[in-house]
Amino acid sequence: MLGLESLLQVGNVTLKNRIVMPPMVTDLAAEDGTVTSELISHYEKRAAGGVGLVIIEASIINPEGRITPNQIGIYDGKFVRGLSQLSGVIRHHGAAVMVQLHHAGPKAVGVKSVVSASSVPVIETIPGEMSQALIEKTIEEFVAGAFTAKKAGFQGVELHGAHFYLLNSFLSPLTNKRNDSFGDALENRVRIVKDIILGIKEYCGSEFLVGVRLNGEEPPGGLQPKDTATIAVQLEKSGADLFHISGYNIRLAHGSSTVYLSDFTSSPQKITDKAVFLGPAEIIKSKVKTPVIGVGKLGDYETANTAVSANKVDLVAVGRPLIADASWANKVLGKHDDPIHECTYCNGCRRKRANNKPVSCIVHKYRD
Ligand SMILES: Cc1cc2nc3c(=O)[nH]c(=O)nc-3n(C[C@H](O)[C@H](O)[C@H](O)COP(=O)(O)O)c2cc1C
């Protein structure tokens, strides 16, 4: 029976196992977005710790899409050198490596103008609606970011289409109120992501992997699993190689006329909650041939292995547990005898990040 230790072929890349390090912003890049030695060391430990695929944290395709001052930049040739060192150390340990391409859209912080598909806030800031010219320019910036990633030795990119950042603001009917060719019908809402995939495949070649992170399920009025499945089917036709099904919970109050959405990780989750987004991921996987990554509270061997062996998903991403213990993968695969530093899902790592402090594990004192 297939389990966490089985190989998986994604395009022309062979993954040595089914464990993925999902993108997690570390705030370890320099203020100008270049890769630092601390950032390299953070990822090297986790690649050496046995994961099959590392997806580097949200990296900005334009500084106007940032969420933190210390976010990795991927919008200029000056970043290639540091990014090449980063991809090199990860591949040296036998892990495959992709990088998440990001524009924060309505959630951008510290930028001149906050933009989105429509003028619908998802945090307190009211974004401006993007013009078609700006949309076309942004599509080119995503493609250019992928080209930079390819030059820097990455095997692919993941488009951040989840968590109500820019691309999600187009996909979701909650935030896309446009009535032009980028809005209204699902075929139009998905157009920006399709065009980015087609552009990347044209400029980087069909073998360069393109993954897409999507919300499996959104609050009422937003994408439901069947809608995300329809989106995935369309993106698969455009050449997507991998889907990564995340999710979103409402945590803040509804204002009188505005729904504010906050990140699912902003409140501590009970350690007993498990596989929180796996249901939608399984529905989406049943509609596509493209491999699907599940994520969200999968950080124990039994839950993660069953997700793969029961064919609910092809790969499992383990986020916070990999911050708590860089060797989590080797330990669950029986290649390392020490006990696992168990993640308590306290979200201390997340709070550090939210305050623009380098990510750390306050329970197991990683980096503290
Ligand atoms: C510190 C931190 C930073 C994160 N940064 C990103 C990011 O850059 N891009 C993204 O798509 N998700 C990000 N996430 C969400 C994770 O990728 C993952 O989906 C989430 O932690 C749930 O998985 P887990 O339960 O295994 O931790 C972040 C999460 C944490 C804790």
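A residue counts as buried here when its relative accessible area is under 20%, as exposed when that area is over 50%, and as partly exposed in between, with a 1.4 Å probe and protein chains only as cover. By that cut-off Ala117 is buried, because its relative accessible area is 0%. The model is a predicted one, so to speak of local features pLDDT has to be at least 70, side-chain atom pairs count only at pLDDT 80 or more, and totals for chains, interfaces and linings use all residues. Residues are numbered from 1 along each chain as its sequence is written, and side-chain values use heavy atoms, with hydrogens and water left out.

The ligand comes first. Its shell holds 22 residues, and the closest are Pro23, Gln100, Arg213, Gly319 and Arg320; to be near the ligand, a residue needs one heavy atom within 4 Å of it. Sorted by type, the shell has 12 nonpolar, 5 polar and 5 charged residues. In this sorting Ala, Val, Leu, Ile, Met, Phe, Trp, Tyr, Cys and Pro are nonpolar, Asp, Glu, Lys and Arg are charged, and the others, Gly among them, are polar.

For Gln100, an N or O atom of the side chain is 2.8 Å from a nitrogen atom of the ligand. For Arg213, a side-chain N or O atom sits 2.7 Å from a ligand oxygen. Arg320 likewise has a polar side-chain atom 2.7 Å from an oxygen atom of the ligand. As for cover, the ligand taken alone exposes 610 Å², and the protein buries 97% of that; these accessible areas come from the Shrake-Rupley method with a 1.4 Å probe, and for residues only the protein chains shown count as cover. Helix H10 (320–324) and helix H12 (348–354) are the elements that give two or more residues to the ligand shell, and H12 provides the largest share, 3 residues. Helices (H or I, at least four residues) and strands (E, at least two) are DSSP runs numbered from the N terminus.

Next come the cavities. The count is 2 cavities of 30 Å³ or more. A cavity is a set of points, on a 1 Å grid over the protein atoms alone, where a 1.4 Å probe fits but cannot get out, and its lining residues have an atom within 4 Å of a point. Points are joined across faces, edges and corners, and the volume is the space filled by probe spheres set on them. The second largest cavity holds about 100 Å³ of space. Its lining has 14 residues, with Cys343, Cys346, Asn347, Cys349 and Cys361 nearest the centre. H10 and H12 turn up again, as the elements that give two or more residues to this lining, and H10 gives the most, with 3. By type, the lining splits into 9 nonpolar, 4 polar and 1 charged.

Some backbone angles also stand out. Most residues other than glycine have a negative phi. Phe164, not a glycine, has a positive phi of about 60 degrees. Phe164 lies in the loop between strand S8 (156–161) and helix H4 (166–171), and is buried, with a relative accessible area of 0%. Tyr345, also not a glycine, has a positive phi of about 55 degrees. Tyr345 belongs to the loop between helix H11 (328–332) and H12 and is buried at 6% relative accessible area.

Other loop residues are buried too. Thr290, in the loop between helix H8 (278–285) and strand S11 (292–295), has a relative accessible area of 8% and is buried. Ala104 sits in the loop between S5 and strand S6 (115–116) and is buried at 0%. Ala117 is in the loop between S6 and strand S7 (128–129).

Technical notes: Polar contact = N/O pair within 3.5 Å; in protein donor to acceptor, adjacent residues only side chain to side chain. 1 Å grid on protein atoms, 1.4 Å probe; cavity = no way out; pocket = protein on both sides within 12 Å on 5 of 7 lines; lining within 4 Å.
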